[in-house]
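Hi everyone, thanks for making time this morning.

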Amino acid sequence: MTTSETPLVSVLDETGRYAPSAAAERYLPLIEAIGDAELEQFYRDMVVIRAIDTQATNLQRQGQLALWPPSRGQEAAQVGSGRAARAQDTIFPSYREHAVTRIRGVDPVDIIKLMRGVSHGGWDPTDPKNGNTRLYTLVLGSQVLHAAGYGMGLAFDGRTGTGDPDRDEAVIVYYGDGASSQGDVHEAMVFAASYQAPTVFFLQNNHWAISVPVSTQSRVPLVQRSAGYGIPSVRVDGNDVLASYAVSRTALDEARAGNGPQAIEAVTYRLGAHTTSDDPTKYRGSDEEQYWAGRDPIVRMRAFLEGRGASAQLFADVEAEAADAAEDLRARTVELGPPSPDKMFDHVYSEPHPLIDQQKAWRAQYEASFEDASLEGGAR
């Protein structure tokens, strides 16, 4: 089956007109039940996180961060799926899910701390304020194994498939087209399918694994990789926030209900660089970038809302909120100090350990020796 023959769930066309594809028919009741407040929230989420993302990129260019992975262009895939998850669900991100983590309650500055090198993880995944969001994973694809195993644990513990949607849990894990070629991802699918884990595999196909195009990575649509393991798989327009929401909500509901793992390929595009150490002009042309810029998820959703009669004040308010969020990120980033040297010892073991205590004391004495030498030299 070629890409053109693979059904694509889409609701909005590139101009923002409501034009559901044939594959979207089963999702229309869910989409048509979305209220104005939710639709506006989708738009707000996308605009604000793009402003935060742009500010973080600028901060890296100005030497405030070691690295930043932009998410520009992928906001609809992330916001739709992030808003589709229930509070009890667990999120396993990779390293570009800035919109998802913010929706779940993670402070964007906690991501900054990780990319600045002042934190080993960024946030506490067990703190309720972070919405069951696991840490960013920089090792390509390893979080997919974690998500499959966590889902298996939910099934073993009877925390899913009980028939109570307010209590049943599911897992959603994010990874990219490049990671889909990793052995970890395929091993995770084997186990998730075998044990019917309530895990939703959310593949963001942004067309480029750094400089390698998806056409080189796979001779068939990536959605077929998960389908090959017997996992129900859907291909969705990842630049259509409504389609992303409906497909993700349905997949999570199926997983929670005890119907095993589900998979989604969200077809989107990375408008920016892979990370701030990448130069995409070296491997892709401006014609391709302009084509996808014309399918910008934020522009598309704004046109849809305008067509529904949204007021100019709404858009002005959203822009103001986005500007405030970006400025807040900048202010709090430049105020970050260096981490305490003792942090390197704090989480080596879960309980106090005499060897760690000895090493910590040695480091303190070693650094104090330089201060003593400086004082002696000054006295002479």
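**Helix packing and a cavity**

Let's start with helix α3 (residues 75-84) and helix α10 (residues 241-256), which pack at an angle of about 40° with their axes 7 Å apart. That angle makes α3 oblique to α10; angles under 35 degrees count as roughly parallel, over 145 as roughly antiparallel, 65 to 115 as roughly perpendicular and the rest as oblique. Axes here are lines fitted to C-alpha atoms, for helices over the stretch in contact, and angles run from 0 to 180 degrees between N-to-C directions. Helices (H or I, at least four residues) and strands (E, at least two) are DSSP runs, numbered from the N terminus.

Before I go on: this is a predicted model, where local features need pLDDT of at least 70, side-chain atom pairs count only at pLDDT 80 or more, and totals for chains, interfaces and linings use all residues. Residues are numbered from 1 along each chain as its sequence is written, and side-chain values use heavy atoms, with hydrogens and water left out.

Which residues of α3 and α10 meet? From α3 we have A76, A77, V79, G80, S81, R83 and A84, and they meet V241, S244, Y245, S248, R249, L252 and R256 in α10. Contact means heavy atoms within 4.5 Å. This contact divides into seven nonpolar, four polar and three charged residues. For the classes, Ala, Val, Leu, Ile, Met, Phe, Trp, Tyr, Cys and Pro count as nonpolar, Asp, Glu, Lys and Arg as charged, and the others, Gly among them, as polar.

Helix α10 also has helix α2 (residues 36-61) as a partner: their axes come within 11 Å and cross at roughly 110°. So α2 and α10 are roughly perpendicular to each other. E38, L39, F42 and M46 of α2 touch V241, L242 and Y245 of α10.

Next, helix α6 (residues 142-156) and helix α7 (residues 183-194): their axes come within 7 Å and cross at roughly 10°, so the two are roughly parallel. The α6–α7 contact has eight nonpolar, one polar and two charged residues.

Finally, the cavity. The structure holds one cavity of 30 Å³ or more, and about 60 Å³ of space lies in the largest cavity. On a 1 Å grid over the protein atoms alone, a cavity is a set of points where a 1.4 Å probe fits but cannot get out, and lining residues have an atom within 4 Å of a point. Its lining includes Y175, F201, R225 and E265.

Notes. 1 Å grid on protein atoms, 1.4 Å probe; cavity = no way out; pocket = protein on both sides within 12 Å on 5 of 7 lines; lining within 4 Å. Points joined across faces, edges and corners; volume = space filled by probe spheres on them.
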